[in-house]
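Subject: Structure for you to look at

Hello,

Here is the structure for your files. Please open it beside this note and read the two together.

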Amino acid sequence: MEREKLGTLRTQVATIAEEVAAAAHLGPGKLLVIGASTSEVAGKRIGTSGAEDIAAELWAGIEQVRAKYGFDVAFQCCEHLNRALVVERAVLERLSLTEVAAVPVPKAGGSMAAAAYRRLSAPCLAETLEAHAGIDIGETLIGMHLRRVAVPFRPSLRQVGQARVTAATTRPKLIGGERAVYTLPPDSDFTLCDEE
């Protein structure tokens with residue numbers, strides 16, 4: 001990718017990460033999952049043209065926002081590593097995540113995961129996790145690593161380079177509500193609600 005276009009990637013991903021961080025109220029103790037296909041960012045088919053220079057720009061944009069808000073980031077590997085996640089060892093231990101053994105490289109793990117692994121201070125792989133929010137660059141399928149309930153988030157930018165971007169925040173499960181009943185009143189005459 002041309003040098004001037006590489007610089008715009010950092011700005012694009014930082015804009016998206018900033019919007020997601022604000023919407024999801026990300027801060028210390030919160031976790032953002034990133035899935036990114038550098039091939040798709042370059043306009044190629046996922047898994048065919050990994051690019052470390054693109055991964056470096058994406059990393060820089062995400063790191064800029066992470067440093068501002070103080071949240072943690074997990075970078076999803078590709079399907080060759082079962083979509084394991086690159087995280088700091090401190091995150092793995094704090095969340096009691098299951099560690100798996102591999103070192104992501106561009107052809108087995110993906111360029112983004114490989115770049116993250118080389119840049120974190122104490123990198124390791126977690127088998128799975130439940131993040132508070134996520135950004136998916138190039139349709140890498142991060143949904144399996146989001147907390148329930150995922151809420152679609154529409155960032156102002158819908159592409160990074162040539163890759164489509166989807167994002168999500170999460171919220172706690174809503175149970176009960178104004179119609180909820182927690183005990184059956186004695187001798188009451190009540191009507192069952194209709195199935196919706």
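The chain has five helices and nine strands. Helices (H or I, at least four residues) and strands (E, at least two) are DSSP runs, numbered from the N terminus. Read from the N terminus, their order is α-β-α-α-β-β-α-β-α-β-β-β-β-β.

Some ground rules. This is a predicted model, in which local features need pLDDT of at least 70 and side-chain atom pairs count only at pLDDT 80 or more, while totals for chains, interfaces and linings use all residues. Residues are numbered from 1 along each chain as its sequence is written, and side-chain values use heavy atoms, with hydrogens and water left out.

**Overall**

Along the principal axes, the C-alpha atoms of the chain fill a box of roughly 75 × 35 × 30 Å. Of its 196 residues, 43% count as buried. Buried means under 20% relative accessible area, exposed over 50%, and partly exposed in between (1.4 Å probe, protein chains only). Take the contacts between residues at least 6 apart in sequence: 69% of them join residues at least 24 apart. Contact here means heavy atoms within 4.5 Å.

Helix α3 covers residues 52–69, 18 residues in total. From its first C-alpha to its last it reaches 26 Å, close to the 26 Å expected at 1.5 Å a residue. (The expected span is 1.5 Å times one less than the number of residues.) Its buried residues are I54, A55, E57, L58, W59, A60, G61, I62 and V65. Just after α3, G70 takes a positive phi of about 85°.

Helix α5 spans residues 111–119, and its buried residues are S111, M112, A113, A114, A115 and A116. What covers them includes β1 (31–36), α2 (38–41), α3, β2 (72–76) and β3 (85–88).

How do α3 and α5 pack? Their angle is about 60°, and their axes are 9 Å apart. Axes are lines fitted to C-alpha atoms, for helices over the stretch in contact, and angles run from 0 to 180 degrees between N-to-C directions. The two helices are therefore oblique to each other. (Under 35 degrees counts as roughly parallel, over 145 as roughly antiparallel, 65 to 115 as roughly perpendicular, and the rest as oblique.)

On the α3 side, E52, A55, A56, L58 and W59 take part; they meet S111, M112, A115, A116, R118 and R119 of α5. By class, this contact has seven nonpolar, one polar and three charged residues. Ala, Val, Leu, Ile, Met, Phe, Trp, Tyr, Cys and Pro count as nonpolar, Asp, Glu, Lys and Arg as charged, and the others, Gly among them, as polar.

**Backbone points to check**

Most residues other than glycine have a negative phi, and most peptide bonds are trans.

- S96 is not a glycine, yet has a positive phi of about 55°. It sits in the loop between α4 (89–94) and β4 (99–100). S96 is exposed, at 64% relative accessible area.
- E139, also not a glycine, has a positive phi of about 60°. It lies in the loop between β6 and β7. E139 is partly exposed, at 44%.
- The peptide bond from R148 to V149 is cis, with omega near 15°. V149 is in the loop between β6 (133–137) and β7.

L157 is in the loop between β7 (150–153) and β8 (159–160). Leaving aside neighbours within four places in sequence, L157 is in contact with Q12, T15 and I16. L157 counts as partly exposed, at 30% relative accessibility.

Best wishes
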